[in-house]
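Please look at the structure below.

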Amino acid sequence: MNIAVVGTGYVGLVHGTILSDFGYNVTCLDIDKNKIDNLKKSILPIYEPDLKEIIQKNFKNKNLSFSTDIIKGVKESEVIFIAVGTPPLEDGSADLNAVLDIAKLIGENITTSKIIVIKSTVPVGTGDKVESIIAQELKLRGVSINFSVISNPEFLREGRAVKDSLQPDRIIIGGEDIKAIEQMKNLYLPFITKNIPVVSTDRKTAELIKYASNSFLAVKISFINELSSLAEKIGANTRKVAFAMGLDKRISPDFLQCGAGFGGSCFPKDTKAIINLAKTYEEELSIISAAISANEKQKSRMIEKIVSNMGNLSGKTLAVLGLSFKPETDDVREAPSLDIIKGIVKYGGKVKTFCPKGIDEGKIRLNSLSDSVIFCENEIETTTDIEGIVLVTEWDLFKKMDIIALKNRMKDSFYFDLRNIFVENPEIKKHFKYFPVGER
């Protein structure tokens, strides 16, 4: 089977690569020539564990190819995955220009029957728009070609995208064409034989499942973060509360770790998008709206925690460990680290920062603060001659740091552990003025 994947970001590149690893002939397409040329040389635009090795293997055995010739790729494929970006607009809605442009191109160029699969995260009703655009283009050409539009949302976690692609919790296939749904089930047969659940439904329901899933997880994170604020004031232990809650099978322990707030490319974008969608139907999603507000409050609370304990930050330098929104990714989009660094600078402090993979993007996103932020080469340089540490991202590298050597490099001993990585280490409070999240 010939498959075209349009878009070589997180979703398209990972999904296309995994499909090629199952023996399909996959062409990953993108308009960015530099990106495509680099992919042919195994230079990836993203960092994702294990991805490079699988790309190299399947590129070598010719199951996987990369091209900028989108028209040719669309014409020669049986299944076309649309996996382009849908970034948020100022009002929080999703920018669908790239998705709709690809739909138009498909309608202008296909000559045989196709299944068009929307892999991008899109608002409910986007599949209808894509279907309408393709049909209109075919009408303008005066041709009749069978095609079906399927919604097949992704649920990849950055840093674990390869594993999630190989072992997904479920596969969602949404459409009105029963034959096309069955063809998609055949495509995913290597997964289905592993007893991975498949949910077949209509297209709009499939589109809503994606937003509902991410919004619920965002609510769960915001819930425990709000609880952590109360726990600190009354002297309770949020970790123990979360552990006990998680033992209830109705709740589960996942996403109940308090911290500096959620970030990345999914939760902030998707929660805002579903709120915007609801407004167009005159509905108010008050719980999701509250989760967004609580997340912003949590990031502000982290800054307040630093200032209230260290006092005037003027003339002081703090080390911010971790820029990416989570470990094992280079994604700094909407990361709490950005807000925290900006907050430190706002209160007169200087920042030294290091992240194993997020430095390059961090430099771009914090470019306006170049006079106050130093990007370091390693964790040793970052934590030398500073007054305090703010650990934002729980990379293993930071967990393994020698706390005695760390203390000896510092001018003062403030340690704000916003991921609670040392909270169970009895030595930490002997050497540092230690401040975790969610407990005293």
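**A pocket and a helix pair**

Helix H5 is the largest contributor to the lining of the second largest pocket, giving 4 residues. This is a predicted model, in which local features need pLDDT of at least 70 and side-chain atom pairs pLDDT 80 or more, while totals for chains, interfaces and linings use all residues. Residues are numbered from 1 along each chain as its sequence is written, and side-chain values use heavy atoms, without hydrogens and water.

At least two lining residues each come from helix H1 (10-21), helix H5 (97-109) and helix H12 (267-280); helices are DSSP runs of H or I with at least four residues, numbered from the N terminus. In total 40 residues line the pocket, with Ala83, Val84, Gly85, Thr86 and Arg333 nearest its centre. A pocket is an open set of points on a 1 Å grid over the protein atoms alone, where a 1.4 Å probe fits, with protein on both sides within 12 Å along at least five of seven lines; lining residues have an atom within 4 Å of a point. The space in this pocket is about 980 Å³, counted as that filled by probe spheres set on the points. Its lining has 20 nonpolar, 9 polar and 11 charged residues (nonpolar: Ala, Val, Leu, Ile, Met, Phe, Trp, Tyr, Cys and Pro; charged: Asp, Glu, Lys and Arg; polar: the others, Gly among them).

Now to the helix pair. The axes of H10 (residues 203-234) and H13 (residues 286-310) come within 8 Å and cross at roughly 45°, which makes H10 oblique to H13. The contact (heavy atoms within 4.5 Å) involves residues including Ser215 and Glu232 of H10 and Ile287 and Lys305 of H13.

Note on methods:
Axes are lines fitted to C-alpha atoms, for helices over the stretch in contact, and angles run from 0 to 180 degrees between N-to-C directions. Angles under 35 degrees count as roughly parallel, over 145 as roughly antiparallel, 65 to 115 as roughly perpendicular and the rest as oblique.
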